[in-house]
Amino acid sequence: MKILKKGRKRNQIMIALLAMLIAAAGYVNYSGFEFNTKEASSTKTDNISASVDDDATPVGEAVLTSADVANYVAQAKLTREQTHGKAKENLEKIISNKSLSEVERTEAVEKMAVLSENLEKEVAAEELLGAKGFLNSVVSIGEKSTDVMIQQKEISKVEKAQIEDIITRKTGCEVENIVITTIQTDD
């Protein structure tokens with residue numbers, strides 16, 4: 001019975017988080033802001049530019065000129081939550097479909113467990129990154145790699161090592177499969 005209550009409480013927290021993200025997305029949409037996520041190799045556009053500093057570890061860099069980073073991060077997290085939610089919904093349909101074989105339904109249950117586990121790992125990694133000073137971070141676990149967006153103009157080799165340590169410990173992803181992208185405002 002305690003497990004059910006704990007699961008319900010977790011679902012309520014997730015619903016509240018999604019509601020806040022949806023509200024943030026609604027505000028961004030209402031304000032007329034458009035997200036542009038194109039990256040350029042070394043040219044500057046109106047919204048995004050990418051560059052590599054010789055003193056910094058070479059990682060992707062998205063520069064937001066007309067946006068608030070917090071809104072960008074909220075949109076990224078909202079998109080991630082919507083993707084996870086849609087996948088979970090599809091898996092629940094498979095699980096409840098009695099006309100499918102037991103093997104197919106068992107595979108769907110296993111995929112749902114992995115999906116839930118990945119979401120927990122993403123949130124845990126983001127919380128630890130925030131505690132280490134990497135605020136407004138977004139972690140997204142894929143099949144072969146883990147993407148990390150960090151709000152900084154550039155990161156040092158020490159900071160890169162800290163980020164990689166957190167991600168490997170919290171997600172189990174190998175260092176060579178971690179992709180770090182920096183996000184900065186161009187004020």
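Predicted model: local features only at pLDDT ≥ 70, side-chain atom pairs only at ≥ 80, totals over all residues.
Figure 1. A salt bridge joins Glu-89 to Lys-86, with 3.8 Å between the closest N and O atoms.

**Figure 2. The salt bridge between Arg-80 and Glu-126.** The closest N and O atoms of Arg-80 and Glu-126 are 2.5 Å apart in this salt bridge. Because Arg-80 lies in helix H2 (residues 69-96) and Glu-126 in helix H3 (residues 102-131), the pair ties together parts that are 46 residues apart in sequence. Arg-80 is buried, its relative accessible area being 9%, and Glu-126 likewise counts as buried, at 10% relative accessibility.

**Figure 3. Arg-80 and Glu-81 within a salt-bridge network.** Arg-80 also forms a salt bridge with Glu-81, in which the closest N and O atoms lie 3.5 Å apart, and both of these residues are buried. Through salt bridges that share partners, Arg-80 and Glu-81 are joined with Lys-77, Glu-122 and Glu-126 into one network.

**Figure 4. The chain that surrounds these close-ups.** The chain contains four helices and four strands, which follow one another along the sequence in the pattern α-β-α-α-β-β-α-β. Of its 187 residues, 32% are buried, while the chain exposes about 11900 Å², with 54% of this area supplied by carbon and sulfur atoms. The structure holds ten salt bridges.

Conventions: Residues numbered from 1 in each chain as written. Heavy atoms only, no water. Helix = DSSP H or I, 4+ residues; strand = E, 2+ residues; numbered from the N terminus. Buried < 20%, exposed > 50% of the residue type's maximum accessible area, 1.4 Å probe, protein only. Areas by Shrake-Rupley, 256 points an atom, 1.4 Å probe, with all protein chains shown as cover. Salt bridge = Lys/Arg side-chain N within 4 Å of Asp/Glu carboxyl O.
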